[in-house]
Amino acid sequence: GEGEASVAVELRFVPSRLSKDPVYRGIFVDKIVQVVDPRTGQATGEPLQVVPYGSTVEITVQMTTADDLHSVTLVDFVPAGLEPIDKNLSENDERRVGDGRRWYYNPFSSPETRPEKVKWNSVGSLPAGTHSACYRAVAVTQGVFALSPAKAYSNDQPELMGLSWAGTLVVTEEQIPETEEAMNALLESKGVKQNSRLAMGKDCPEDCGLGEECNISIGKCEAPQVMVSLFRSVSGDKLDKIGEPRNIATGRKMSAPLVALTVGALLLAFVIIRIKYTTKGSKNSDMKDAEETNSLIELT
């Protein structure tokens, strides 16, 4: 028959390598794991990577958006060593949260709980800002398990999304170490490294120079990646092995401050030329209008 036909294609993929850092594509997502205090029933303490066997933990997923969104899906894959607890079986209503005097509506209050994942669909529109959702799980199996990233995406624009960091989760009967050194030793004995989300930042020994910033993961000053990318487009990809730009004419390395000054000078020159051209064009236009006015007066 005749008429208009439309086709929609949806692509779902699993990355071959999980990123230890968050992936930001319009939505920022973060996730932490905390142990639940059996005496108070509240999640307390610092974020965990090692969980006591048989304990109850609370996984909190937080997403931040700069724009108002209509419908958002939030999903978190549960580590294999944990068994999620279905919130819908509880008698508590978490759709309204507050301190008794002020209340606000939680758009992620009714999760869909499955053995392998927990999924939320926002109710109505989602205003710009930070929103969080959480669920609890019981550590039922000992071992080392992958801690997959939580994902948030807009249902109207799936390309508007974000992923949290990924890492590992250890469930063990051993005593949980209280010091960082002992914790690192336990993780090393399990054959894993500390999650990047839990790693403490390192201060740079001195103030960074012009065009540099402190990389807290290594404690050293270095040029921002955006500056290196900008110079890459200008210099025709003439970079050395460590990503430091070189002078095209001399072939020598250019330090980060020199790169910043060079780019700044180019931008300033462009702005000055633009202003002069605009001013000159405006003057020429005014002179032309004046000549036309004089001609009309003489004809009159």
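**Entry 1: the open sheet**

I looked up the sheet and found six strands, open, in the order E1-E15-E14-E6-E11-E10, with antiparallel pairing. Strands here are DSSP runs of at least two residues and helices (H or I) of at least four, numbered from the N terminus; two strands pair if DSSP finds at least two bridges between them. E1 (23-25) and E10 (112-113) stand at the edges with a single partner strand each, so one side of each has no neighbour in the sheet.

I note that this is a predicted model, in which local features need pLDDT of at least 70 and side-chain atom pairs count only at pLDDT 80 or more, while totals for chains, interfaces and linings use all residues. Residues are numbered from 1 along each chain as its sequence is written, and side-chain values use heavy atoms, with hydrogens and water left out.

Inside the sheet I followed E6 (residues 72-77), which four bridges join to E14 (residues 151-154) in the antiparallel sense. Thr73 stands opposite Tyr153 in E14. The charged end of Lys151 sits over the ring of Tyr153, 5.1 Å from its centre (the rule asks for NZ of Lys or CZ of Arg within 6 Å of the ring centre and within 35 degrees of the ring normal).

**Entry 2: Trp120**

Next I took Trp120, which lies in strand E11 (residues 117-121). Is Trp120 buried or exposed? Its relative accessibility is 1%, so Trp120 counts as buried (buried is under 20% relative accessible area, exposed over 50%, partly exposed in between, with a 1.4 Å probe and protein chains only).

I listed its contacts (heavy atoms within 4.5 Å). Leaving aside neighbours within four places in sequence, they are Val72, Thr73, Leu74, Phe108, Ser110, Pro111, Ala133, Cys134 and Tyr135. Ala133 is 13 residues from Trp120 in sequence, and the C-alpha atoms are 8.2 Å apart.

I then counted aromatic pairs, meaning rings of Phe, Tyr and Trp (its six-membered ring) with centres within 6.5 Å; planes under 30 degrees apart count as stacked, over 60 as edge-to-face and the rest as tilted. The count is one. The rings are those of Trp120 and Tyr135, with centres 6.0 Å apart and planes at 45 degrees, so the pair is tilted. Tyr135 lies in E12 (residues 129-139) and Trp120 in E11, so the pair ties together parts 15 residues apart in sequence. Tyr135 is buried, as is Trp120.

**Entry 3: cores and E16**

I looked for nonpolar cores, that is, sets of buried Ala, Val, Leu, Ile, Met, Phe, Trp, Tyr and Cys residues joined through side-chain atoms within 4.5 Å. The largest has 29 residues, and Ile59, Met63, Leu82 and Phe108 have the most contacts inside it. Another core, apart from it, has six residues, among them Met183, Leu186, Leu187 and Val192.

I checked E16 (167-172). Six of its six residues are buried, so E16 is largely enclosed by the rest of the structure. E4 pairs with E16 in the parallel sense over three bridges, whereas E13 (residues 143-147) is joined to E16 by five bridges and runs antiparallel. Val170 in E16 has Val50 opposite, and Val144 also stands opposite Val170.

**Entry 4: helix H1**

In H1 (residues 180-189) I found Met183, Leu186 and Leu187 buried. They cover an arc of only 95 degrees around the axis, which puts them on the same side of H1 (the arc is that of the directions from the helix axis to the C-beta atoms). Glu181, Glu188 and Ser189, on the other side, are exposed. The cover over the buried residues includes strands E4 (50-52) and E16. After H1 comes Gly191, with a positive phi near 80 degrees.
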